[in-house]
Amino acid sequence: MIRAALLLSFGLLLAAPSRAAAPFDGGAGALDVPKPDLTAMQEAAADARRSRADLYAFTKEEAAAAYKKFAFGIKAPRATAFTFDKDVPADIQKQMLADLAFIKGLAGENATALHRKIFGAVSGADYAKFFETRVSAIGMNSCGGGNAVACVIPFQDPSKMWLTQNFIRFSHPQVSRMMVVYHEARHTETKNRNWPHATCPTPFRDENGKDMKSIWTGATLAGEPACDETPFGSYSSSTIMLKNISKYCTNCTDKVKLDAGLYADDQLGRIIDAGAKKEMRDDFSR
Ligand SMILES: [Zn+2]
C-alpha cells in the first residue's frame, strides 16, 4: 500500500512541470538522448523510498518505464567512450581512471562459459569494451544516499553512471570497487530491462543459519531488493567476473585474486534461484 502510494507520488512528480536547470544534472550535455529534467527536489523524493541496505536499486516498474522511454522513439547513441561531467571532483575522476586502467591491464589464461557469454575473455580489452559500450557519461549523484558508491538510474539516463563521494572513501579492495562499477554497468542494458534486482527472501540465512548481511553496508538483507534470480543479472554477472579473475588472472597479485574470490563467493549468496545458483556453481567448477 505504502509502495503504491509512493509510486503514485513519484508518478505525479514526474508529471510535474519541469525546471530548466536541474542542479544535479551535471551540465555536460554530451548526450543526444532526451534528458528527463527532474529537479533536485524530485530526485530527493525519488531517493526517499530507496532502501539503503545495499547497492542502489530501482524497481521493475521503473525499469519498464525506462524501456518505454528509451527503447523506442529517439534511440540512445551507442556509447564508445565516456565523458566526465564537469562537477566530478578531480580526485574521483583520478580514482575511476586508475580503477579502469587496472581492469584494462588484466590478462587471463581461460574463462568460464558464462563469463565468455557475458564479458568475453578474462582480458583487459574485453572488460574495457564492456564498460565503454555501455557507459557514455559519468556524473555525481547521491545514488539514494547511505553508503552507495555508484549507481545507474535507468529511467533518468540508461547510459550514465553516477558516482558518490563514497567512491574514494570506500574501504573495500580495488577489485571489489570494480565489482560495483561492473554491476552498475550491467544496469545500463535497456534491451534487457536493465536487470532489476530481485527481492531477497524473509528470512534470508546462510548455510550456517546466520542472517545474510551486505558486505557493502553490513545491513541485514532479508526482504531487501538486493538479490538476483538469474546468472545474467547485475549481482550475478559481476560475481562471474570476479570469480573468473580469481581463477584465471595471470598477472594479478595473490591479494587481488584472493579479494576477487572472497567478494565473488559473498555475492553468489545473493542468487536466490536454485537453478541459477547451480548453473553458476557448475560454471565455476568446470
Ligand atoms: Zn544493482
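**View 1. Helix H4 (residues 90-104) meets helix H6 (residues 124-132), with axes that come within 7 Å and cross at roughly 135°.** The axes are lines fitted to C-alpha atoms over the stretch in contact, with angles from 0 to 180 degrees between N-to-C directions. Because angles under 35 degrees count as roughly parallel, over 145 as roughly antiparallel, 65 to 115 as roughly perpendicular and the rest as oblique, H4 is oblique to H6. Leu-100, Ile-103 and Lys-104 in H4 meet Gly-124, Tyr-127, Ala-128 and Phe-131 in H6, a contact being a pair of residues whose C-beta atoms, placed from the backbone, lie within 7 Å. By class, the contact of H4 with H6 has 5 nonpolar, 1 polar and 1 charged residues. This is a predicted model, in which local features need pLDDT of at least 70 and side-chain atom pairs count only at pLDDT 80 or more, while totals for chains, interfaces and linings use all residues. Residues are numbered from 1 along each chain as its sequence is written.

**View 2. An open sheet of 4 strands has the order S1-S2-S4-S3 and mixed pairing.** Strand S1 (83-84) and strand S3 (150-151) each have a single partner strand and stand at the edges, so one side of each is left without a neighbour in the sheet. Helices (H or I, at least four residues) and strands (E, at least two) are DSSP runs numbered from the N terminus, and two strands pair if DSSP finds at least two bridges between them. S1 and S2 run parallel and are joined by 2 bridges, with Thr-83 opposite Ala-137 in S2. Strand S2 (residues 137-140) also pairs in the parallel sense with strand S4 (residues 160-163), over 4 bridges, and here Ile-138 stands opposite Met-161 in S4.

**View 3. The largest nonpolar core has 62 residues.** Such a core is a set of buried Ala, Val, Leu, Ile, Met, Phe, Trp, Tyr and Cys residues joined through C-beta atoms within 7 Å, where buried requires 20 or more other C-beta atoms within 10 Å of the residue's own. The residues with the most contacts inside this core are Ile-138, Ala-150, Cys-151, Met-161, Leu-163, Leu-242 and Ile-245. Helix H7 (residues 174-186) contributes the largest share of the core, 7 residues. When residues up to four places away in sequence are not counted, Ile-245 touches Leu-106, Val-122, Val-175, Cys-252, Lys-257 and Ala-260.

How values were computed:
Buried ≥ 20, exposed ≤ 12 C-beta atoms within 10 Å, placed from the backbone. Contact = placed C-beta atoms within 7 Å. Nonpolar A, V, L, I, M, F, W, Y, C, P; charged D, E, K, R; others polar.
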